[in-house]
Every structure is written in C-alpha cells, then in structure tokens.
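Colleague: I am new to this one. Could you walk me through it, a question at a time?

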Amino acid sequence: MLKLFIEGGMQSLESALSHNRVLEKTELEHAYALLGDRIELTNYSNRKVVHQFEIEFCNALANDDLHGVATNSCTSALKIALLALGIGAGDEVIVPGYGYISDASVLEEIGAIPKYVDINLKNFCMDIESVSKAVSEKTKAILFIHMFGFSGNVIAVSKLAKKYSIPLIEDIAHGTVINRLGNPRVIHGDAACFSFNQTKIMSAEEGGIVVFKRITNALKGKSLVDNGFDRQLGHFNGIGYSYRMTSFQAAVLLAQLANIHEKVEKWGQNYEMYYEMLSSFELFATPYNKDDVIIYFPVMVADPSQFDNLNWIKTMLDFENIPFMNTNDEVLPKYLCNDFNISVLKNSEIVAKSNIKFLLNESIQMEIIEGCVLALKKIQNRLIGNTPE
Ligand SMILES: Cc1ncc(COP(=O)(O)O)c(C=O)c1O
C-alpha cells in the first residue's frame, strides 16, 4: 500500500532537486560572442543587439512584416500594446476571467474597463460563445490570453474581432515563436506580447516583447518604452515609461532563439511524459493538445466534491518534496474589483479552485516527473482509494 510521507511512507523525492530553469554555458558563450569583447553602453535607440533581437524574433514568426518592441517584461509589453493601439481610460476591453494578474492590473492601471468573460475547460482560454455575447458597441479591444500555451479558440476570436473591427491583443507570455511541430507561430492579433521571465521557454530572467502588425503602432510603442522619446522627431514627445530591454538580455535571448527547436522538443517530451503517466488518474484531469507548446503542466482535481481538498493536496505535495508552482490562481476580478458578479465566470472559478501547476522545463529531470506522479498516486489513494499500485 502506497503511503504518504506523513503516514510513515517513503518520500516521493528524497531531496528537492534543483528545478529552476538554468542558462546553459553554451547559451552564455553564444551571448558573449554576440556582445563582443567591449560592450558599449548606449541609449535605447542605439542598442544594436536589442534591435537585432527585435528583428530576429519577428522573423521567426510566420507572419511577414511584424514590428517588434523589446521591453523589460511582458507586463510592460501588455501595457504598451494597449496604449499604442489607442486603448485608454474608459475603454471597455474583453478579457478572460481566468488568467494572470498582469492582464487585469494593466487594464486597471490605464483606466480601461475590463469586461470579464468565461473560459473553456478544454483549454483554459476565453470561450468564443462568451466573447460573442460580451461584444457590444462599447468594446474597444479584446485581450486573448494563451493560458499555459494553449491556442484555444484564438482563430474564431480573431474572426469575430475583424468582423466588428475591434483590435485584438494576444497575451502569449506562456508561448514562443514556434509550435510543437516546429512550425512558425501565426500571430492573429494586431499585437502580441511575450514574456522572458525566469519560468519561460526563452528567458533572460526578465524581459518581454510586443510585436505589432502595423508600423505606426510599433513607432508609438518604441517611444512609450523609452520615456516618450520620439526617434523621428529626436526629442521627448508625450508621456512614456522606462521599460527598455538591455543589450545583455537581448544577447541571451538571441542565443536561445537560435536554439529554439531543441528547447521546444525537450519541453514537449517532458509534457508527453507527464501526460502519459497522469492521463489514467481518476482524481486528476488535464487538458491536452499535441501541437501547442505547454509551459507548466496543469492538473485539475476532477471531482468537484474534492475541491475543498486542494489546499490539503498542495500541503501533501510539499511534504513529499514535490516542486509545483504555488501561485494563487484566481478568478481575475476577485483581485481587483469587489463588486463583480462572479457567477458568470463558472469555468474560471472551477479552474481556480482545482488547479495545480507542475514545473515543466528542459532542465526538469525524469526523476522529478516520476516523483510527482507517485505523489499524486498516493494522494489519490488516500482520497478515493482505488489507484492500482
Ligand atoms: C499569462 C501571463 N501574462 C503576463 C505575464 C507577465 O509576465 P512578466 O513576468 O514578464 O511581466 C505572465 C507572467 O508569468 C503570465 O503568466
């Protein structure tokens, strides 16, 4: 009989192995080679390596003629995307009820009015029917979040946005420039934002980029990230922010971009391994997609009568030494607006109440995945008692 550690059983992982994403020596060497022996410290307009990164990142995507604006984070990129597309105070923006806090906070920060819609349980992204119902003459933009890297119904949402001439922004913080098959990613929105923070597929510990379809938006974006400096006029012209990417970040990211196929392949292999081992579990469920690059492995408690046990499950995983991401997943408006009618976000609430994110990256050893599956087996045994050993 499999026992949990606190019941006298063995710990699933004897020691917490390092599971952080790492920058490999080869990536650092590649980055140094790009920077050269002497690094000239320049203002944003003259950062050649940053400019090179913006161009190469856009070239790696499927669309022709995209324009990149590198930033210090994806949160900044989201804000720049909205502002450069002309979204501001009082404008209504459709956004999913389940996502990351940045998406809600940047809307609040610029004074936009978030119109929260529900997600689809098959992919954790905004549900096309909820979006169709929410669109009105007040809608000034749609913000589509590719949660976990799922593409969801982005094509249907982009068709709807085009039909009503509403700008679409994609939050692709969890995704990258190619899909699992190695094909370049198609950008469906007028702008798309990526994150390079410490958990992401390409990472300089921090960083982001927004890619625009129109050059006019990109020029506005470049000025906004650089304190309002307008390169064409040669002086400051309106408000802006200090959201610039450094040459060091750009060099690391260029090195990783050159290696992106290998990274995605390893990430995909780890994803498949988790999925294969966990798909037969009764207590836990996970959406699956063979084409999308999934960045964290999402596991949901499948039985609503067990939702109240989520915190207990997380505590047991801690006892078993299992690394997982303990970010408080929440229905976004709960963080920010007290008077929101949460009942329309049924699926968002289900995912927030039932979801655990396991680490998935190229540095994750097989041992971690096996330890994680064994721990979930013990937990399932304890809660519903019928897991074959
Ligand atoms: C969906 C989503 N959007 C935006 C962000 C913000 O990214 P950053 O940390 O680069 O600001 C994150 C962060 O992980 C995220 O998960």
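Modeller: Gladly. Start with the ligand shell. Helix 3 (74-84) and helix 4 (101-110) each supply at least two residues of it. Keep in mind that this is a predicted model.

Colleague: How many residues surround the ligand, and which are the closest?

Modeller: The shell holds 14 residues. Its closest members are Cys74, Thr75, Tyr100, Ala173 and Ser195.

Colleague: How do the shell residues divide into nonpolar, polar and charged?

Modeller: Two are charged. Eight are polar. The nonpolar ones number four.

Colleague: Now the sheet. What is the order of its strands?

Modeller: The sheet is open and has seven strands. Their pairing is mixed. The order is 1-7-6-5-4-2-3.

Colleague: Why is one side of strand 1 and of strand 3 left without a neighbour in the sheet?

Modeller: Strand 1 (67-71) and strand 3 (113-117) each have a single partner strand. One side of each is therefore left without a neighbour, because both stand at the edges.

Colleague: What is the average twist from one strand to the next?

Modeller: The twist is taken from each strand to the next one. Its average is 20 degrees.

Colleague: Is strand 4 mostly covered or uncovered, and how many of its residues are buried?

Modeller: Strand 4 spans residues 139-145. It is mostly covered. Of its seven residues, the buried ones number six.

Colleague: Which residues of strand 4 stand opposite glutamate 92 and valine 93?

Modeller: Strand 2 (residues 92-96) pairs with strand 4 in the parallel sense, over three bridges. Glutamate 92 faces threonine 139. Valine 93 stands opposite alanine 141.

Colleague: What is the bridge partner of isoleucine 145 in strand 5?

Modeller: Strand 4 and strand 5 (residues 168-171) run parallel, joined by four bridges. Isoleucine 145 has as its partner in strand 5 aspartate 171.

Colleague: Which helix makes a β-α-β unit with strand 4 and strand 5?

Modeller: The unit is right-handed. Between strand 4 and strand 5, its helical part is helix 6 (residues 154-163).

Colleague: Where is confidence lowest and where is it highest in the protein chain?

Modeller: The chain has a mean pLDDT of 93, and 97% of its residues reach 70 or more. The lowest confidence is a mean of 75, in helix 11 (residues 332-336). The highest, at 99, is in strand 6 (residues 191-195).

Methods. Residues are numbered from 1 along each chain as its sequence is written. This is a predicted model: local features need pLDDT of at least 70, side-chain atom pairs count only at pLDDT 80 or more; totals for chains, interfaces and linings use all residues. A residue is near a molecule or strand if its C-beta atom, placed from the backbone, lies within 6 Å of it. Ala, Val, Leu, Ile, Met, Phe, Trp, Tyr, Cys and Pro count as nonpolar, Asp, Glu, Lys and Arg as charged, and the others, Gly among them, as polar. A residue is buried if 20 or more other C-beta atoms lie within 10 Å of its own, exposed if 12 or fewer, and partly exposed in between; C-beta atoms are placed from the backbone. Two strands pair if DSSP finds at least two bridges between them. A crossover is right-handed if, with the strands pointing away from the viewer, the path from the first strand over the helix to the second runs clockwise. pLDDT is the predictor's confidence in each residue, from 0 to 100. Axes are lines fitted to C-alpha atoms, for helices over the stretch in contact, and angles run from 0 to 180 degrees between N-to-C directions.
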